[in-house]
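Dear colleague,

Please find the structure below, handed over together with a summary of what was found in it. I would be grateful if you read the two side by side.

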Amino acid sequence: MRIQSRSDGASRRRILARTCAAVAVAASCFGLPGAARAATDASPTIYKNDDLSLIIETQELKRPRIDKVVASLGLKPGMKILDIGAGTGQQSYALAAALKGTGEVDATDIEPRLVDYVNEQARKKNLSNLHAHLVSGDGFDAFYSGRRYDLIVMWEVYNYLADRPDYYRRLRACLNPGGRVVMVEAEQMSQLGRGFFREDFSDWDGFLSALKREPADSPFGAALGKPLRGLFARGLGGDDPLVVRTVLFHVNRLLETRFYKPFSDGVRLKPGLDLTPDERTQAEWMLHRLTLDHVDQREFPRLEYQLVSMMGLLNKLLVVSHFRPYLRFDGRSPYWSSAPEAVWLLRRDGHLRDMEAGGFRLLDESPFVPYQAVWTFAADDGAHADEDAP
Ligand SMILES: C[S@@+](CC[C@H](N)C(=O)[O-])C[C@H]1O[C@@H](n2cnc3c(N)ncnc32)[C@H](O)[C@@H]1O
């Protein structure tokens, strides 16, 4: 499966100007592990904000990427599809519409307000093949028992499921022969992959020259000029280990700051940035999330890990957009580093490990740049037929 680029859907999306929203949604929607687990432990619902419209508008921002994935799934009329953790139903609507009135889409969630909302929207949108169901977040719900699907979609739900191998083992019984599970999640969760390594640059000398040329009053000049000026004045070669180490240290340190501020205007990115449509979609979504969580007004020690991580990824896109000619682009790099250390961690990613432990085998993994991936799984040979859900 390849996820193709398409024209700039980001420009059509609404960005919220309001300021408070579900803290848990912020972390969860990006599939970051720590926050989601905390949210799961703390409450039967992940949504901490009572304003349903804020949650809806936030998840609607994903639509351009959802449409792209749904178009790549090869859906056939009459298919039976399960969308686990449907939230406000953005994936469910796209799936049900793609079946053109045939088949069946079951959308499940543990949040009653969202289940009601999705059913109401299904009626309004004339999606008679879509039905939302309330399930319990406590293990694998009895709703699934005896049901069989051709496709199961899990979009940023992984983090909420406790005892995932066991959950997946039971889920396997819900697949029709030849059925697939498609997951969309953050591709890598390690901090290491978020930084830049020397390997991520195709033209290191060009990058250093560009850094030296950076005007002192530009955001990059202001942030990097002072710490690097002394180093450059020493006349060391670009590949001198001290130069490599120091430059990367300061660039990576910049990622963990509010560097994105001069590039943004409230919840919008300023015009003129060299972002691809997909980068812009993701960057604006992250900016939106950071704003909703009042990141500007909070002390750094009070910021949750996942918000600092999101900030790092937003900043990284800005660095990528500015120094694009000097970076490697081979499908994955430079969004996640292609350095051996980072790749080593990527291969040990939790999604794959947990699904394999639950009796699935990976059919395909497509980087969904920037930052996410689409994993397609099938039940391991012969494993799905005999077992039943509780
Ligand atoms: C991060 S949101 C993702 C929503 C939607 N898939 C999206 O991408 O916008 C995760 C959703 O999973 C739901 N959820 C959490 N645990 C669940 C469980 N065990 N079964 C079904 N849904 C669950 C939450 O209520 C929430 O709506």
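Are Lys62 and Glu156 buried or exposed? Lys62 is buried, and Glu156 is buried as well, where buried stands for under 20% relative accessible area, exposed for over 50% and partly exposed for what lies in between, with a 1.4 Å probe and protein chains only.

Before the details, please note that this is a predicted model, in which local features need pLDDT of at least 70 and side-chain atom pairs count only at pLDDT 80 or more, whereas totals for chains, interfaces and linings use all residues. Residues are numbered from 1 along each chain as its sequence is written, and side-chain values use heavy atoms, with hydrogens and water left out.

Overall picture

The protein has 15 helices and 9 strands, which are DSSP runs (H or I of at least four residues for helices, E of at least two for strands) numbered from the N terminus. Among the contacts (heavy atoms within 4.5 Å) with a separation of 6 or more, 77% are between residues 24 or more positions apart.

The sheet

An open sheet of mixed pairing is formed by 7 strands, in the order S3-S2-S1-S4-S5-S9-S8, two strands being taken as paired if DSSP finds at least two bridges between them. Strands S3 (130-134) and S8 (360-368) stand at the edges with a single partner strand each, so one side of each has no neighbour in the sheet. From one strand to the next the twist averages 20°, with axes fitted as lines to C-alpha atoms (for helices over the stretch in contact) and angles running from 0 to 180 degrees between N-to-C directions. S8 and strand S9 (residues 372-379) run antiparallel and are joined by 8 bridges, and Glu365 has Trp375 in S9 as its bridge partner.

Helix H6 (residues 112-124) packs on it by touching strand S2 (104-109) and S3, and its direction makes about 165° with that of S3. Helix H7 (residues 164-172) also packs on the sheet, where it touches strand S1 (80-84), strand S4 (149-155), strand S5 (175-186), S8 and S9, with its direction at about 155° to that of S4.

Helix H5 (residues 90-98) has 7 of its 9 residues buried, so it is largely enclosed by the rest of the structure. Just after H5, Lys100 takes a positive phi of about 50°.

Salt bridges

The structure holds 19 salt bridges, each defined by a side-chain nitrogen of Lys or Arg within 4 Å of a carboxyl oxygen of Asp or Glu. One of them joins the side chains of Lys62 and Glu156 (2.6 Å, N to O). This pair links distant parts of the chain, with Lys62 in the loop between helix H3 (52-60) and helix H4 (63-71) and Glu156 in the loop between S4 and H7, 94 residues apart.

Another salt bridge is formed by the side chains of Lys80 and Glu104 (3.5 Å, N to O). Lys80 lies in strand S1 and Glu104 in strand S2, so parts that are 24 residues apart in sequence are tied together by the pair. Lys80 counts as partly exposed at 34% relative accessibility, and Glu104 is partly exposed at 27%.

Aromatic pairs

There are 16 aromatic pairs in the structure; rings of Phe, Tyr and Trp (its six-membered ring) pair if their centres lie within 6.5 Å, and planes under 30 degrees apart count as stacked, over 60 as edge-to-face and the rest as tilted. The rings of Phe201 and Phe207 have centres 4.4 Å apart and planes at 35°, so this pair is tilted. Phe201 is buried at 6% relative accessibility, and Phe207 is buried at 1%. Both rings belong to a cluster that ring pairs build from Phe196, Phe201, Trp204, Phe207, Phe220, Phe259, Phe263 and Phe323.

With best regards
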